[in-house]
Each structure stands twice: as C-alpha cells, then as structure tokens.
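Subject: Structure handover

Hello,

Here is the structure I promised to pass on. Please open it alongside this note.

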Amino acid sequence: MCPSAEITAAVLVSQDSLVFRAAFSAQILSVQSSFLRSGSSYQVGQPVSLYRILKKSLLRLLAAMGITGAITGSINQGAWRVFPGLMLPDHGGESMWNAFAYVPLAYKMQYASQDYVKRFQEKRLRYIADFAYRNTRLYKEKFRNAGIKPGEIRTLDDLKKIPITSKAEVKEGYPSRSVAAGFSEQNCVIESTSGASGSVLRVLHDRYAATRMRAVSLRTHLAQGVRPWHKFCILCRDPEEFQEYEKMSLLRTQGIMEGRPDTELVEEMQKEYPYILAGHPSAMVALARAVEKTGLPCTPRMILLGGELSLPWHRTYIEKIFQCPTYNKYGAYEMISIAWECKYHTMHIDADGGIVEFLKDGEPVAPGERGEIVVTNLWNRAMPFIRYRLQDIGIPSDEVCQCGRTLPVLKEIEGRCDDFVVSPSGELIPPTRLIAHFFSTPHIRQFRVTQKTLDYIIVQLIPHQLLTENMENQLMDNIRKAVGQGITVELERVDSIPETGRGKFRTVISHVNVDLASSRATY
Ligand SMILES: [Zn+2]
C-alpha cells in the first residue's frame, strides 16, 4: 500500500543511530541526516540538508563570478525559496526545503486505505502519548490524575481515556510544564495564537514536526492547483509578515499590505497581477469592495481563504466580484494544517497530521451532527497537543469525495465557540444570522457585535456619512429580532474597532461561556 510511509515511521522511533534517508520521487531527491540522541529520542537537528548544499554551491558560484553584496545577501535571507505557500515568515528555511522530501509521502497518504491511515495514526499516537508523558509535566500529571499509563494508549479507541486539554492549561504551563524537555524557543519554530480575549499562546513546533506538517500543507496547494511558477500574492495585516515577503519580492510570491486606501490597493493589485490571491476572508471582502467601488479590474484565477472563519456570504461576494473560485482552509497554529478544500469543494481532513475528534458530551458525534473539535497533533514533540480543545464546532461527514481522496471529510466549520450569541433561554444564535443584517444595510464601514453578558449586547459601528438614522434604526430592529427577547441591544458609533490579535478580525464575540457541544443551535 504505502511501504515508504512505514519505513519512515519506523526510522522515526529508532534510537542511537545516524539515519540517512533518501526519498526519490518525481525529480525530488533529498538526502539528509538526522542525529537521534539516545534515551530521550530527541532530534538534535539536521546537519546536512539539500537546502544547505544547494545554497552553499550557489553562493560559491556567485562569488566565483564576482557577484556579491545585495544578491548574495538576499539569497542568505532566504529569498530563493521559490515555492509559494511554503514561505511563512516564522519558519526556518531548512524545514521548508526539507518539506519537499516528504511531499511524495503526503501525496500517497491522501489515497491510502482508511485502514492504513488508522494504523498509521495509532502508531504515531502511541509514540506521541509516550513521549508527552515522559517529557512534559503537563501530560505526566494529566495521565497520573486520570490513572492511566501511556502504555495503555494503543488504539484510537483508547484515546477517550486521555482527559481533554484546554488552551488555558497549556498557556498557564508555558514554558516549564507545556514544553517538552530539550526544546525551547531557540531550537523550535515559533507560532503564536490569539485567544478569545486577545490573549496570546506561544506555540512551539520542533523542526521535524514543522517539516512534516509543511509537507502536508504543500499537498493542499498542489491539490488546489497552485504551481511554483504562479504569481502568488498574500494579503498581510502584520507589517513584519509583509517585510518577510518583501525580501522575496524578486520571486513569484509577494505580500500586499491591506488596510490602505481603496484605489491604492487595487492599483497595486493591478501592478502585481496575481494569479493566486490568498488572505483572510474579511480582508478579501474588503478588497472585493474596493474593486467594486473603484471599478478597476482585478482578475486573479484562484483565491485561497484561511486564518479565520469564512462565512457563506464572504465567498459568494468574493466569487461574484473576482469571478474565480475560492478554496477554504481550516488550520490552527497548534496544528498548522487541519482541513482544506479540494477542487470539488470538499473539506478533507489531514488525518496523517493529526487526529480530529468531534465530541458532544464527551462522546464522538455521528456523521452530520455538530460536535466540538478536539485535536491531537501526531508530530509535534516540542509542545505536545493531545486531545486539545480548539474551541471550534464542526460537522464530520461520511461522504466520499469524487476526487478519489480517502482522507476523512469535514462537512462544515461553524465558527469559534464564542462567535455564537447565547440567548437567556440557552439557545445559540449563529453569527451568520446577525452578520447578514449588517451586510444588507448599506454604508457601514465596519462593525462588531459583542455579547457582554447573557442579557446585554453592544453593537459597535463605524458608519459611513451616508448612513441615515432610518437605516440605523431598521438595522437595530433586525438585530433585536434576531437575538430574541430578554437581551438588551445597544448601539455605539465608534471610530475604530480593534483586532482580536495577530490579524484575526472577528465580527461577533460572546463573553458568555457555554458548553456549546451540548447546547442547541437555532437557525
Ligand atoms: Zn476531494
């Protein structure tokens, strides 16, 4: 079925050896060595890699030709990392390049039998549960408190013995309890997440884990039709992220700062002429509005959305303005990649990167039912995430996609837990129901609905001059009707609405805690 995946997994858990691995497929040849230290299965690094060999050779060649200075400087800074989508700023160039070597494996896994994927997941689960128990205080205590030993975790059915871990627990324990022995910010790839309250959790991925997950992300881009020669533009909110892309501006990937005047933004788009455009759905909507307003044409061939919940109206509007398909991706910093849309617009779950559970009252839901998403990262040793609550709600599906991939299907993501407004009677009101009213009201620049308490909601609004009192009253009436009786809704006109952290903009926020998975939603 997939013998090379077997071999790699076996090599991974072997100890005391200098491992040379060669992966050869479709013009990709990588030779790298990994030095595994005895006892703790701690991977020290990857001292020889294709990346270093090629980089060194190129620099020598340029030096021999008398070319130095700016060109060699930009090569040193990683400007020659050509494959779009690989170049996320926080990631070390080496793990990016090594990711190529694992693409054939990741490619095969999407067509492997479900039985094979299950065995693969179980093998990784046994390893990661044991590793987390032995190397982190957080999981050692959790396992002990639950009265289980890592040796008892053998199959996917045993997973439910492990208690669920919350973001707060991981954050409180950072770094002394959550980060595994031998790992630190110095030898890991760093990611940060923003929480509901804007609180930030540092997430560390060991280089090997980041490499494997990056290969999984690459598979996504290949499946969606992204090719290295395509001009790829990314809408950035973070100036640092933008600068990283700027360093690579000689190549086919380009960062574009959002939040600028409409004409300026659209003119830059026309200058760059992207074949593929990527960004947060809300940023893409803003760009689409700018295009509609200025009337200047902007014609990408494909739009990739990710980073925040993409609502149905986001996609309808974006597709209408740009006249091209959009593809969604569902990820989290803790996992890097979780699910993505193929050409047939089916969300496939990266089962070889993590175990995704959909739970209701602690039990898995049936296909088609909504459940709280709980993930287990199968690769990350630096900061293990085992049965980690992502605070999202999703619906699994047993559909088979016509693309032929056997990866499990995610029917729908329903949004961050606190994006639902909770009525005093305990009903959940989906954000889409509120957002639709704002979208149907003209002359609103930006808005946010915040549920402060069970019976109080504040609507913040940045109005356009043309927004009349009548429109405003109509909008508020609609919102009041949507949330039902027993909740006071107040309006506040503001000049700016802050982001919730690291470029994530959320339109509906609820500070009311509720066990979503066991509540009922209203539509
Ligand atoms: Zn598919």
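What follows is a short account of what was found in the model.

**Ground rules**

This is a predicted model, in which local features need pLDDT of at least 70, side-chain atom pairs count only at pLDDT 80 or more, and totals for chains, interfaces and linings use all residues. Residues are numbered from 1 along each chain as its sequence is written.

**Overall**

The protein has 14 helices and 24 strands. Both are DSSP runs, numbered from the N terminus: helices are H or I with at least four residues, strands are E with at least two. Of the 523 residues, 39% are buried. Buried means 20 or more other C-beta atoms within 10 Å of the residue's own; exposed means 12 or fewer; partly exposed is in between; C-beta atoms are placed from the backbone. Among contacts with a separation of 6 or more, 64% join residues 24 or more positions apart. A contact needs C-beta atoms, placed from the backbone, within 7 Å.

**Cores**

The largest nonpolar core holds 63 residues. Such a core is a set of buried Ala, Val, Leu, Ile, Met, Phe, Trp, Tyr and Cys residues joined through C-beta atoms within 7 Å. Ile338, Val375, Ala382 and Ile386 touch the most other members. Helix H4 (residues 93-109) gives the largest share, 8 residues. Another core of 28 residues lies apart from it, including Cys233, Met269, Leu305 and Tyr327.

Ile386 deserves a look. Leaving out residues up to four places away in sequence, Ile386 touches Ile128, Ala129, Ala132, Tyr139, Ile162, Thr165 and Thr376.

Strand E16 (residues 388-397) has 7 of its 10 residues buried, so it is largely enclosed by the rest of the structure. Strand E15 (residues 371-377) pairs with E16 in the antiparallel sense over 4 bridges. Pairing requires at least two DSSP bridges between the strands. Val374 stands opposite Arg389 in E16.

**A helix pair**

Helix H10 (residues 262-272) packs on helix H11 (residues 281-294) at about 95°, with the axes 9 Å apart. Axes are lines fitted to C-alpha atoms, for helices over the stretch in contact, and angles run from 0 to 180 degrees between N-to-C directions. H10 and H11 are therefore roughly perpendicular to each other; that label covers 65 to 115 degrees, while under 35 is roughly parallel, over 145 roughly antiparallel and the rest oblique.

On the H10 side, the contact uses Asp262, Thr263, Leu265 and Val266. On the H11 side, it uses Leu287, Ala290, Val291, Lys293 and Thr294. By class, that makes 5 nonpolar, 2 polar and 2 charged residues. Here Ala, Val, Leu, Ile, Met, Phe, Trp, Tyr, Cys and Pro count as nonpolar, Asp, Glu, Lys and Arg as charged, and the others, Gly among them, as polar.

**An open sheet**

Four strands form an open sheet in the order E22-E21-E20-E23, with mixed pairing. Strand E22 (488-493) and strand E23 (508-510) are the edges, each pairing on one side only. From one strand to the next, the twist averages 15°.

Strand E20 (residues 444-453) and strand E21 (residues 456-463) are antiparallel, over 8 bridges. Thr450 stands opposite Ile458 in E21. E21 and E22 run parallel, joined by 6 bridges. Leu461 has Arg493 in E22 as its bridge partner.

How many of the 6 residues of E22 are buried? The number is 0, so E22 lies largely in the open. Helix H14 (residues 469-483) lies across E21 and E22, at about 145° to E22.

**Local points to check**

- The peptide bond from Tyr174 to Pro175 is cis, with omega near -5°. Pro175 sits in the loop between helix H7 (167-172) and strand E4 (188-194).
- Tyr273 is not a glycine, yet its phi is positive, near 55°. Tyr273 is in the loop between H10 and strand E8 (276-279). This residue is exposed, with 12 other C-beta atoms within 10 Å.
- Ile336 also has a positive phi, about 70°, without being a glycine. Ile336 is in the loop between strand E10 (326-330) and strand E11 (339-341). Ile336 is buried, with 26 other C-beta atoms within 10 Å.
- Ser217, in helix H8 (residues 207-224), counts as buried with 22 C-beta neighbours inside 10 Å. Ser217 and Asp350 are 133 residues apart in sequence and 9.0 Å apart in space, C-alpha to C-alpha.

Best wishes

Conventions:
Two residues are in contact if their C-beta atoms, placed from the backbone, lie within 7 Å.
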